[in-house]
Amino acid sequence: MLFSCEEGYLTDCTQCYTSEDYNIVLRIDIRDQDRFMESPVVTLYEGPVSDGIIIEKYSIIDQNALIYYRAILYKDYSATLEFRYNGRNYVSTAGACPKIRYDETTCEEPCWYVYDNIIDLSLRYD
């Protein structure tokens with residue numbers, strides 16, 4: 001049991017690395033089952049969007065696809081998703097800072113677990 005003032009986490013054992021040979025991958029999720037986005041473009045930034053340091057731009061063809069980017073531990077990333085829906089322009093933004101922890105007890109054997117590596121750009125309200 002966790003209380004609100006305690007730090008807790010869940011380790012997905014299927015995503016654990018038993019050696020220090022692991023990949024740090026940033027996952028950018030734009031999937032939105034409720035709407036069809038016209039001309040979606042994802043822009044990935046180093047640091048906050050306001051710094052304007054663009055790493056990559058992606059013109060999205062398959063809206064169910066995930067975007068993966070090889071990242072660096074403890075580096076801040078942010079992204080925007082720009083698109084049209086029902087004649088209106090939308091921009092969503094989110095960020096992540098990939099981290100890693102060593103978990104000795106949760107899985108069958110001790111392992112390294114990468115977390116905070118997902119940027120979810122799906123629109124929650126319109």
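Thr80 sits in strand β6, and with a relative accessibility of 6% Thr80 counts as buried. Buried stands for under 20% relative accessible area, exposed for over 50%, and partly exposed for what lies in between (1.4 Å probe, protein chains only).

Before we go further, a word on the model. It is predicted, so local features need pLDDT of at least 70 and side-chain atom pairs count only at pLDDT 80 or more, while totals for chains, interfaces and linings use all residues. Residues are numbered from 1 along each chain as its sequence is written, and side-chain values use heavy atoms, with hydrogens and water left out.

Now step back to the whole chain. It has 0 helices and 10 strands; these are DSSP runs numbered from the N terminus, with helices being H or I of at least four residues and strands being E of at least two. Read along the sequence, the pattern is β-β-β-β-β-β-β-β-β-β. Of the 126 residues, 37% count as buried. Among the contacts with a separation of 6 or more, 63% come from residues 24 or more positions apart. Asp21 belongs to the loop between β1 (16-17) and β2, and at 66% relative accessibility Asp21 counts as exposed.

Next, look inside. A nonpolar core is a set of buried Ala, Val, Leu, Ile, Met, Phe, Trp, Tyr and Cys residues joined through side-chain atoms within 4.5 Å. The largest one has 25 residues, and those touching the most other members are Ile28, Ile30, Val42, Leu44, Ile119 and Leu121. Two or more residues each come from β2 (25-29), β3, β6, β7 (88-96) and β9. Strand β6 gives the largest share, 5 residues. You can follow Ile28 as a guide: not counting residues up to four places away in sequence, Ile28 touches Val42, Leu44, Leu66, Ile67, Ile119 and Leu121.

What about charged side chains? Side chains of opposite charge can pair when their charged atoms come close. The structure holds 3 salt bridges, each a side-chain nitrogen of Lys or Arg within 4 Å of a carboxyl oxygen of Asp or Glu. In one of them, Arg27 meets Asp29 at 4.0 Å, N to O. Arg27 is partly exposed at 26%, whereas Asp29 counts as buried at 11%.

Another salt bridge joins Lys75 and Glu46, whose closest N and O atoms are 3.7 Å apart. Lys75 lies in the loop between β5 (66-70) and β6 (77-85) and Glu46 in strand β3 (residues 38-46), so this pair ties together parts that are 29 residues apart in sequence. Both are partly exposed, Lys75 with 25% and Glu46 with 30% relative accessible area.

Lys99 and Asp116 make up a further salt bridge, with 3.1 Å between the closest N and O atoms. This pair links distant parts of the chain, with Lys99 in strand β8 (residues 99-103) and Asp116 in the loop between β9 (111-115) and β10 (118-120), 17 residues apart. Lys99 is partly exposed at 22%, and Asp116 is partly exposed at 40%.

Most residues other than glycine have a negative phi, and most peptide bonds are trans. Ser39, though, has a positive phi near 50 degrees. Ser39 lies in strand β3 and counts as exposed at 63% relative accessibility. Tyr74 is not a glycine either, and its phi is positive, about 60 degrees. You will find Tyr74 in the loop between β5 and β6, partly exposed with a relative accessible area of 48%.

Key: Contact means heavy atoms within 4.5 Å.
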